[in-house]
Amino acid sequence: MTSESNLHEQFFGQEHLTVIEPYKGLFDLKLRELWAYRDLILLFVRRDFVAQYKQTVLGPAWHIIQPLLTTVIFTIVFGRIAQISTDGAPPFLFYMAGTVIWGYFAGVLQDTSGTFIRNAHIFGKVYFPRLAVPVATLMSKFIGFAIQFVFFIGFLLFFMASGANVAPNGALLLLPILLVMMAAFGLGLGVIVSAATTRYRDLAVVVSFGVQLYMYLSPVVYPMSSLSEHYRTLMAFNPVAPILETFRYATLGIGGASVAELTIAAGVIFVVLAIGVTLFNRVERTFMDTV
Amino acid sequence: MARTVISVENLSKYYRLGVIGGATLREDLSRWWARMRNKPDPYATIGQENTGNERGEIWALRDINLEIKEGEILGVIGRNGAGKSTLLKVLSRITAPTSGRAVIRGRVGSLLEVGTGFHPELTGRENIFLNGAILGMTKAEVSRKLDEIVEFAEMSNFIDTPVKRYSSGMTVRLAFAVAAHLEPEILIIDEVLAVGDAAFQKKCLGKMGEVASKGRTILFVSHNMESVQRLCNRGILLAKGQVEQMGSVNDLVAIYLRSATVDCGNGSFVRTAEHTRQSLDKSTISGIRLRHCDRGESTSFDVWDPIEIDFLIRHPSEEPIHDESIAAWFCINNSFGSPVLSFFQYDSEASTTRRMGDWPSIITARINALELPPGQYSISCGLFSFDELGKREIVDWAENIAGLEVGWRVADGRTFDQRIGYVISRCEWRIAA
């Protein structure tokens, strides 16, 4: 590259070259383009976060109240009444761990699954990489998760101080990986649903209900150890299971998943994400013709 | 020599209307199930076989070839459904073409609507950033122009108020202000100037003209021929998804306004499918005839001439199938495509709005003196329907169905020289003794 063209780039920035062609189905995250629109993504995150709790009395406190209430209910229903095993951990912490990390996955899945329908009016009028919307959802949901996680750690320390038998350990270093996996899986499933809802509106209804059912198919309110061998084999197909188990192992020192299980989960998640993004990119180019 | 910034090669866009798929999974499944058993599609419209063009297949764009040079301001004109909006949508990457390609050099900003993504709960300032980012500006860019935008919108007092407390006029002003400060290398604008008050529109057009003079390229679609002519120097005329003609915008506007009519001679014009907004189960205007009250059928008149216009009405069937009343309306547009006069049947004594079934097939409107300055005009007309509560709705609209010319002569032999204004009126002059 000559110094002259370097100079040109320095002054005028890289030349934007857009080629518009019929859709070619490829798995393409368009990371470069998403990066160029990073300001928009951050503004979407801000919008989601600010607008969500405007005109509510308790505001962002809902981020805490929701999982806390859920945990209390779970503790009563599954811990006291049903007396499901918690692998020896205090039931409150067991259910809170499950609720917090499951909540992140469920939130991402539910919100991203409405991407096309909820943003049809914007998508019909202006172009930006459509993935910016679900990616922003990932991030705004992450803020909620972070707040909840801090509270969870607070409870954990409190229980430890009062002598509960829990043992947070070095596996906590895996937390970023677990979160990336959860986010990728939620995003992957979410965009598959969002792409499908452009054609089948019914799916939008099914999602919230489906997420709830899925929670019971995952070890959120029960540990893997309470399952029979047969069901445990079936769980190998559920990538959420080893993530939940590892999260509880890292924070409470119970349960756990093997590296092999986590690797398989990562593989499944990657495939789901790839299918999701491919479908999403396809729908992105023709969505406006079908509404 | 200016370089090419947009080059479009054989661009086509194909739509399948109606059969894109059911809205629900159930419909698609039963459709699939029917196909498996060789039964007809249970959701096909009655009387419509799924063959060939009957399926509602439409080439919204067909083999468009186009080169746009840097700094050009190109007006895109054409009738409804000619493909203008589709072209802009493809170039804005909102929808993908079916075949062909387009290469664009430079940052594109498209303005198919103002205020896209405005959130009512956010303040004016927050919305400026959000809307700016949606339109492709970076945060730094918006920050730099923030003061200018707020000043342009004339609303520095309310900038930290949530947008939901704004009046609709204020919201539009703010949205325009953001849009007007968009400075991409290529700007695509569709019809957005149709909203907002006139003075503010003018301010925006001025701002855009300023942008254009800085060597930016603009693609502009509007039904308002006047703003197209004011802003653009070159244009393309689209018809049925194809480029019918390219050239100077003034020539194209003239061609467009003339081509809109189907002149059968003797002052008669026939309605064609191109004069859109026609529905099969309602009464429609099938043609009109222009007549000089004394000289008979004609399309050229003089100032002050008395004229009569016959509207031929076609009813969907002999029987009145809708229990509603109808009345006719028409308007006269000048050579810029702007309406200058409009007439409604229900303003007159003859507006005994009758049941459709009793409607005559011809109704006539008489204008005692054509108070229009010399020039080319076109007529758009249509029908209103009224429900039991007297609420009216336009059921038929034939755009630019007929053309007429007003000459320079005045009835008494003098000529009517060129003067300013859109309409004329008789005026008596007196000199004080």
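1. How exposed is Arg234(B), as judged by its relative accessibility? Arg234(B) counts as partly exposed at 23% relative accessibility, where buried means under 20% relative accessible area, exposed means over 50% and partly exposed lies in between (1.4 Å probe, protein chains only).

2. Before going further, please keep in mind that this is a predicted model, in which local features need pLDDT of at least 70 and side-chain atom pairs count only at pLDDT 80 or more, while totals for chains, interfaces and linings use all residues. Residues are numbered from 1 along each chain as its sequence is written, chains are lettered from A and ligands numbered from 1 in the order in which they are written, and side-chain values use heavy atoms, with hydrogens and water left out.

3. Arg234(B) forms a salt bridge (a side-chain nitrogen of Lys or Arg within 4 Å of a carboxyl oxygen of Asp or Glu) with Glu72(B), and the closest N and O atoms are 2.2 Å apart. The pair links distant parts of the chain, since Arg234(B) lies in strand E8 (residues 234–239) of chain B and Glu72(B) in the loop between strand E2 (57–69) and strand E3 (73–78), 162 residues apart. Helices (H or I, at least four residues) and strands (E, at least two) are DSSP runs, numbered from the N terminus. Glu72(B) is buried, with a relative accessible area of 13%.

4. Over all chains, the count comes to 18 salt bridges. One of them joins the side chains of Glu308(B) and Arg291(B), at 2.9 Å from N to O; here strand E14 (residues 307–314) of chain B, which holds Glu308(B), is linked to strand E11 (residues 284–292), which holds Arg291(B), and the two residues are 17 residues apart. Glu308(B) is buried, with a relative accessible area of 18%. Both residues belong to a network of salt bridges that also takes in Arg289(B), Asp310(B) and Arg366(B).

5. In chain A, helix H4 (residues 62–81) has 20 residues and reaches 27 Å from its first C-alpha to its last, close to the 28 Å expected at 1.5 Å a residue, a span taken as 1.5 Å times one less than the number of residues.

6. The buried residues of H4(A) include His63(A), Ile64(A), Pro67(A), Phe74(A) and Thr75(A). The buried residues of this helix pack against helix H3 (38–52), helix H5 (91–112), helix H8 (132–161) and helix H10 (202–217) of chain A, where contact means heavy atoms within 4.5 Å.
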